[in-house]
Amino acid sequence: MSDNTHNGEGFHLGRELKASLLAALWLVLLTCPLVAFQINAADGGLIYRWPLLIYVAAGGFVLSGLWRFLLARRDMIRQSKAQAEFDGPAPGAKRGPATTWVDVVLSSRYRAQGLAVVLLALISIPFWASPYTVNIMITAFIYIALGLGLNIVVGVSGLLNLGYVAFYAIGAYTYALLNHYFGLGFWICLPLGALTATILGLVLGFPVLRLRGDYLAIVTLGFGEIVRLVLTNMDVTRGPQGIRNIKPPSFFGIDLNASVKPVLLKISPFMDPNLDLNKALIFFIILAVVIITIMAVFRLENSRLGRAWLALR
Amino acid sequence: MELFRDLFISGLTKGSIYALIALGYTMVYGIIALINFAHGEIYMIGAFTSLIAAMVLSQLGMAGWGLLLSVGVVAVLYSAMYGWTVEKIAYKPLRDASRLAPLISAIGMSIFLQNYVQLVQSPNFLIFNNIVPDIGFLEPVSHIVNKTQFVIWVTTALLMAALTFIIKCTRMGMAMRAVAQDRDMARLTGVNIDRVISTTFVLGSALAAVGGLLIGCYMQQVDFYIGFLAGMKAFTAAVLGGIGSIPGAVLGALVLGFSESFAAGYISSDYEDVVAFVLLIVILIVRPGGLMGESQTQKV
């Protein structure tokens, strides 16, 4: 695990094997009490599991060997790169900035077509995928939207906000509570949830943003915990049990599963008959949200505000 | 008045435990400016190791103070080993990376250790039998101060004294203070930075392990998740007192313990955790440097 043993000396098999063996032994020693003995919760006795330590040793040996090999390889690559830079560019070799295939697609003249194909592929998902896949995609897209937002706060403006997810909870609870107590629908609650989160963000933001760096991190972490603790302790939110039977978003008042689904099933031969179309609607909504967010983020980064954010770092 | 007395005693006990954990945070932060999120997990591992060591050793026939002491030694050894290993695996390779990288690594380590204990031990609460032996002279007042609370106060006070001695009066302590002030300059004068950082982790983890053993005896139950909230509270305490400062961490921990205890007694026990974090936000807004502000901050 120490990386000062192979500074530019290459990869000596014997020495690396010995080091991995030591690492494995250390791991066995480290995990011995927690792995070899288990407390039997039923009668409070001890269960002995010595054989597990053999697996720990074997796993530790392999992983440590792999780790050391990768480190050595990284050093070797770095060294040869440094050597190449020292030698100067080879005649005739022209190296531009590093490109990935995403860059290639985005910068080519087929950019619009490429994006359209990706978009169409995404839109088509509910028409052939299983309900499970659709569920997973919804979760993934929610994370994408969350990640984009977090990137503005932490990545672009460099404010280490560990309580970001509190606003996610606030949005969720705004809809849940308004729906549970006042029967408001999804589409009214969408802006209302954003509004509530904005107001709370302002309430937190103004006093807290005077702090920098780690102090900001811990205060936002504390804010996140406050939100979580308040939500799980209030009677209005029904505590840790949470609120159930929140209405899914409606589509112009049409019952999708009753009226649209039979039609769709006839048209599309690949469609899974078990798919709940309300889930599919959520999928399209979150897809739209993600696309709007991506566009908004791109434009914001290049705006006056975006340059100010960058300057904040 | 009786309510006040009881709340005071439980606040002091909580504050002592927080102080034991907060010291690890503040020492590590003082030296490498890293919020070591895995520290709460080291405390949790200390509690689990104590539980298992207590069972094994009592099956071997130990009892009384000998049992408590040997369990403490085992827990301290193992937590120190965990702290050392975590530093080697998760933080040392990232020492020259950007500020955010070790922090994310620390959060990952914390989740890893939680899941590790959940996997190899149990996802449920386990019963922790109090192994603190009876103390004779406390019998008449045992309805006010129980033996575990007494042991917690005494242990915490002794460990604080020992830590202060180590930092003020030993060569390693001097090296630690030097690294905290200026790492590059310390390296130039021949201080072995890696050793100093490792020692800091080992010391902090040892203190956390004692905290884990004591909280196990006090609450009489442990689960794999106790490290998270305790770690957050302890870090709050460290920030409250001015992070990087050792007396500040102890002061912050006591303030936090008392305010939580009084809030639970006089307001509502549901919101005692909320009070801790509200207090944190208010203090940081009023005094951004913490209670023992920058001017008198004595970094480890």
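Predicted model: local features only at pLDDT ≥ 70, side-chain atom pairs only at ≥ 80, totals over all residues.
Which element gives the most to the lining of the second largest pocket? The answer is α4(B), with seven residues.

Residues are numbered from 1 along each chain as its sequence is written, chains are lettered from A and ligands numbered from 1 in the order in which they are written, and side-chain values use heavy atoms, with hydrogens and water left out.

Start with chain A. Chain A has 12 helices and two strands. Both kinds of element are DSSP runs, numbered from the N terminus: helices are H or I with at least four residues, strands are E with at least two. Along the sequence, the pattern of chain A reads α-β-β-α-α-α-α-α-α-α-α-α-α-α.

Next come burial and surface. Of the 313 residues in chain A, 33% are buried. Buried means under 20% relative accessible area, exposed means over 50%, and partly exposed lies in between, with a 1.4 Å probe and protein chains only. The accessible surface of chain A comes to about 19800 Å². Carbon and sulfur atoms hold 70% of that surface. Accessible areas come from the Shrake-Rupley method with a 1.4 Å probe, and for residues only the protein chains shown count as cover. Contacts, meaning heavy atoms within 4.5 Å, can also be sorted by sequence separation. In chain A, 63% of the contacts with a separation of 6 or more join residues 24 or more positions apart.

Now return to the second largest pocket. Its volume is about 960 Å³. The search runs on a 1 Å grid over the protein atoms alone: a cavity is a set of points where a 1.4 Å probe fits but cannot get out, a pocket is an open set with protein on both sides within 12 Å along at least five of seven lines, and lining residues have an atom within 4 Å of a point. Grid points are joined across faces, edges and corners, and a volume is the space filled by probe spheres set on the points. The second largest pocket is lined by 33 residues. A:L162, A:V165, A:L221, B:I107 and B:F228 lie nearest its centre. Elements giving two or more residues to this lining are α6 (131-156), α7 (165-182) and α9 (213-233) of chain A, along with α2 (39-59), α4 (100-120) and α9 (226-241) of chain B. By type, the lining has 23 nonpolar, seven polar and three charged residues. Here Ala, Val, Leu, Ile, Met, Phe, Trp, Tyr, Cys and Pro count as nonpolar, Asp, Glu, Lys and Arg as charged, and the others, Gly among them, as polar.

The largest cavity holds about 50 Å³ of space. Its lining includes B:V28, B:H39, B:I42, B:V86 and B:F201. Two or more residues each come from α2, α3 (64-91) and α8 (193-219) of chain B. The largest share, four residues, belongs to α8(B). This lining divides into five nonpolar, six polar and no charged residues.

Helix α4 of chain B also holds B:S105. Is B:S105 buried or exposed? B:S105 is buried, because its relative accessible area is 18%. Leaving aside residues up to four places away in sequence, B:S105 touches B:A90, B:Y91 and B:L94. B:S105 and B:K233 are 128 residues apart along the chain, and their C-alpha atoms are separated by 20 Å.

Finally, look at the backbone of two loops. Most residues other than glycine have a negative phi. B:A33, in the loop between α1 (2-32) and α2 of chain B, has a positive phi near 50°. B:A33 is partly exposed, at 33% relative accessibility. B:Q220 has a positive phi of about 60° and is not a glycine. B:Q220 lies in the loop between α8 and β2 (221-222) of chain B. At 37% relative accessibility, B:Q220 is partly exposed.
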